[in-house]
Amino acid sequence: MHGANYRDGKGQVFTRKEYIKGKPQIKIAKFQGGKRGTYQYCVQLLLNEKIQIRHMAIESTRLAANKTLEKTTGESGYYSRLRIYPHNLLRENKQIATAGADRVSEGMRRSWGKAVSLGARVKQGQCIMELYVNGDAHLTAAKKALHGSCVKLPGTPLIKVIDWNKLSP
């Protein structure tokens with residue numbers, strides 16, 4: 001199914017994975033990247049609306065931002081951190097769409113569905129990802145990296161710069 005079908009977080013969140021046999025694995029490889037240290041700026045990626053994001057979108061956003069920023073700063077010139085975790089199980093009631101499907105499928109009978117993906121519910125103004133950098137040249141590169149990576153997220157993003165001047169968390 002399309003990611004747009006899971007964009008609105010409606011209903012109760014289903015997070016109890018211990019009761020599910022075929023639970024999906026999380027696609028996010030790393031939640032932190034780069035090198036920890038003292039940085040001058042913190043650049044945050046925020047979302048302006050209440051929305052649900054699938055774990056594949058979170059991972060592709062992280063990859064795009066890290067690869068773009070790594071070209072200019074190097075591996076040890078920045079520190080990135082994801083601030084959300086996809087806890088919510090997303091289900092799908094698969095339908096057959098071939099000739100004679102009405103005789104085979106059961107439609108909406110027993111339509112609870114199978115767990116196919118994971119998602120994170122994000123509140124309005126919540127931080128998705130943080131990049132810590134030094135210097136004005138790296139600051140513009142971090143803004144550009146987040147701007148290029150936020151295309152992969154649903155909703156309208158906002159990039160916020162904070163003067164940090166302390167150790168990264």
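These questions and answers cover the pockets, the sheet and an aromatic pair of a predicted model.

In this predicted model, local features need pLDDT of at least 70, side-chain atom pairs count only at pLDDT 80 or more, and totals for chains, interfaces and linings use all residues. Residues are numbered from 1 along each chain as its sequence is written, and side-chain values use heavy atoms, with hydrogens and water left out.

Colleague: How much space lies in the largest pocket?
Modeller: A pocket here is an open set of points on a 1 Å grid over the protein atoms alone, where a 1.4 Å probe fits, with protein on both sides within 12 Å along at least five of seven lines. Points are joined across faces, edges and corners, and the volume is the space filled by probe spheres set on them. For the largest pocket that gives about 320 Å³.

Colleague: Which strand gives the most to the lining of the largest pocket?
Modeller: Lining residues have an atom within 4 Å of a point. There are 14, and the closest to the centre are K10, L89, L90, R91 and R121. Strands are DSSP runs (E, at least two residues), numbered from the N terminus. With four residues, the top contributor is β5, residues 88-92.

Colleague: What is the order of the strands in the open sheet?
Modeller: Strands pair if DSSP finds at least two bridges between them. β5 and β6 (residues 114-122) are antiparallel over five bridges. N88 has G119 in β6 as its bridge partner. The three strands run in the order β3-β6-β5.

Colleague: Which strands are the edge strands?
Modeller: The pairing in this open sheet is antiparallel. An edge strand here pairs on one side only. That describes β3 (51-54) and β5.

Colleague: Aromatic pairs next. What is the angle between the planes of F14 and W112?
Modeller: Rings of Phe, Tyr and Trp (its six-membered ring) pair if their centres lie within 6.5 Å; planes under 30 degrees apart are stacked, over 60 edge-to-face, the rest tilted. The count is four pairs. F14 and W112 are 5.8 Å centre to centre and edge-to-face, with an angle of 80 degrees.
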